[in-house]
Amino acid sequence: MSRTGSLVFSLTIVLLGVALRAAPYLDRVARVWTVDRGASATVAGESETLQKSLSKPMLEGVPSQFSQRPIGLLVAGLTTEALLIASMLYVGVRSALIAATFGALAVRYRVVTIGLLTLLVVGFISGSEQTFPFLPWRMYAGVPSGNPQAYEFVGISHSGQAVRLDPHQILPALGPRRLEIILAEQSASLQNETQASRRDSLWARHRATLQAVGRLYNYRHLEDPLLRIVVSTATLSSDEFHTPAAIRRRVLWSIEMN
Amino acid sequence: MEQQAGTDSWISSGGLRCVESQARVGAQTLGFMRAWIFGIWLCKVATAPFFLLAELPVSIFEPPVFMRMAPTEAWTWLLRPDVLTGFQILLCTCVALTALGLRPYRPIAATTSILLTFHQGLIRSFGHINHPEIPLLLATYVLAMFPAADGFTWRTRRQALQPSSLYVAPILLIAALLLLTYTAAAAYRMAHHGLATLAGEPLMWTIAQHSLADEHSLIVIFIHHHSTVAQLLRCSVPTVTVFEWTAPLALVSRRFRWLWLGFVFMFHIVTWLVIDVFFWESLLLAIAILPALDRVTAILPP
């Protein structure tokens, strides 16, 4: 493929991703822009209502804002991300080996190749959990706010023994750490939720999940089954991550097995 | 001029007469990749009792978009232990048939890929979407669409071989899909969190969190008692990120391919030891696909 052709191909794919990522927010950006421009012509009440409506999710699954960062930084970041991916795509597409190999293929194979690559790259830039299996790869980027914290799930058995539960060992079909993350996310949501009705629904789901974990454990330990599961947090400040003595634990709640 | 000279020398050395043997090498290599990838899937799918998923509460079941077309009653029926066991047996059979390269290959492989996607979607319907199996899953799509059962099959048969590019292209494509996932992770990290990445802060935070999950981890205690190691880990983050970003260069440069293979092996082992994150599926794919790529590109004319 020619230099221009390679460049156009690489940029087109990443731009498609950028456009799809930005599309759900364009309406909101336009409305914010309109509010800024027309401030003098807008009565205070209308403006307030609009601000309230902007703070709500306008589309299902679209967060009320891109992130906590200023829009300028965000646009710069998105542009850089797209260019970094496009540059590597360009290097690949420009290669004589790749161009010759794919150039020799029948049209249907070329369509399949381009289709898969496009879905993958668009998924990188504009994907979400909903676009599985074409996902964004954003792991281990940035530092989460607050001190490192982990949730512990300890079962208390009929004989009074405390057993630290390993969710992966209990339900290996879900894959490593997946069940552990589900339980941790539920616990974190419960801790942070202030609205009573939402908290009740979160609590019901959390209790049902923990009881399921307990049941699965008990299937294999009929001689000494669990009576309840205690949930606690372990925290430390980020500069003392090393010694077990520095870890501070707090019991949050316990759930009885039925 | 240089390329023309290379082609002339290839022709004069009898290269054109070797077209069939090149195609055979390509078919064998692609067939090996088929057996390798579906073999890994067979180990994954067969070893974990799937029926236990029926114990999880339906209230935390949220299927991804492509699975939402099914009505609620269908899920209630599917999430029963006997149905889940039946599904697991069906999936294992399809994966085994595909790994062996039995005929008719395309329909079997396509069905297997669809069932694997459904299997992975079902697992991810319970609360959390993550990445470890994604490159391996995407590789099955490529294997289902290209003629991956012309070599390295259970029963050897006289098979009319296709042009060698049809065997080289899927190997290149699987390698590209795998390598681009590393590029994407690095690109996001550099573009959105460049300074924190340079300072190695996310890694230190993650190590600290891992020390909570496994407070008696010898590695974490070792890192604490050897501040030089901690500094080395912190300083390695920018280098690792650059290696991740430049991963697709392994497609085009033979020297970089082997260097990168060494890097990715160390990378996955260290992340496993230090933060207990082990993408063994990606590692197994990398250690097979990059040498396979090396093999098939060596048989191509200059």
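Trainee: Is Ala76(A) buried, exposed or partly exposed?

Mentor: Ala76(A) counts as partly exposed, because it has 14 C-beta neighbours inside 10 Å. A residue is buried if 20 or more other C-beta atoms lie within 10 Å of its own, exposed if 12 or fewer, and partly exposed in between, with C-beta atoms placed from the backbone. This is a predicted model, where local features need pLDDT of at least 70, side-chain atom pairs count only at pLDDT 80 or more, and totals for chains, interfaces and linings use all residues. Residues are numbered from 1 along each chain as its sequence is written, and chains are lettered from A and ligands numbered from 1 in the order in which they are written.

Trainee: Which helix does Ala76(A) lie in?

Mentor: Ala76(A) is part of helix α3 of chain A. Helices (H or I, at least four residues) and strands (E, at least two) are DSSP runs, numbered from the N terminus. The C-alpha atoms of Ala76(A) and Ala86(A), ten residues apart along the chain, are separated by 15 Å.

Trainee: How many helices and strands does chain A have?

Mentor: Chain A has eight helices and four strands, in the order α-α-α-α-α-β-β-α-α-α-β-β from the N terminus. Of its 258 residues, 25% count as buried.

Trainee: Next topic. How many residues of chain A are in contact with chain B?

Mentor: 60 residues of chain A are in contact with 73 residues of chain B; contact requires C-beta atoms, placed from the backbone, within 7 Å.

Trainee: Which element gives the largest share of that side of chain A?

Mentor: α3(A) does, with eight residues. By class, the side of chain A that touches chain B has 40 nonpolar, 13 polar and seven charged residues. Ala, Val, Leu, Ile, Met, Phe, Trp, Tyr, Cys and Pro count as nonpolar, Asp, Glu, Lys and Arg as charged, and the others, Gly among them, as polar.

Trainee: And the largest nonpolar core, which residues touch the most other members?

Mentor: Among its 128 residues, those are Ile85(A), Ile171(B), Leu172(B), Ile174(B), Ala175(B) and Ile289(B). Such a core is a set of buried Ala, Val, Leu, Ile, Met, Phe, Trp, Tyr and Cys residues joined through C-beta atoms within 7 Å.

Trainee: What does Ile171(B) touch?

Mentor: Leaving out residues up to four places away in sequence, its contacts include Thr29(B), Met33(B), Ile289(B) and Val296(B).

Trainee: Which residues of α13(B) are buried?

Mentor: Ile289(B) and Val296(B) are among them, as are Glu281(B) and Ser282(B). The buried residues of α13(B) pack against α2, α6, α7, α11 and α12 of chain B.

Note on methods. Contact = placed C-beta atoms within 7 Å.
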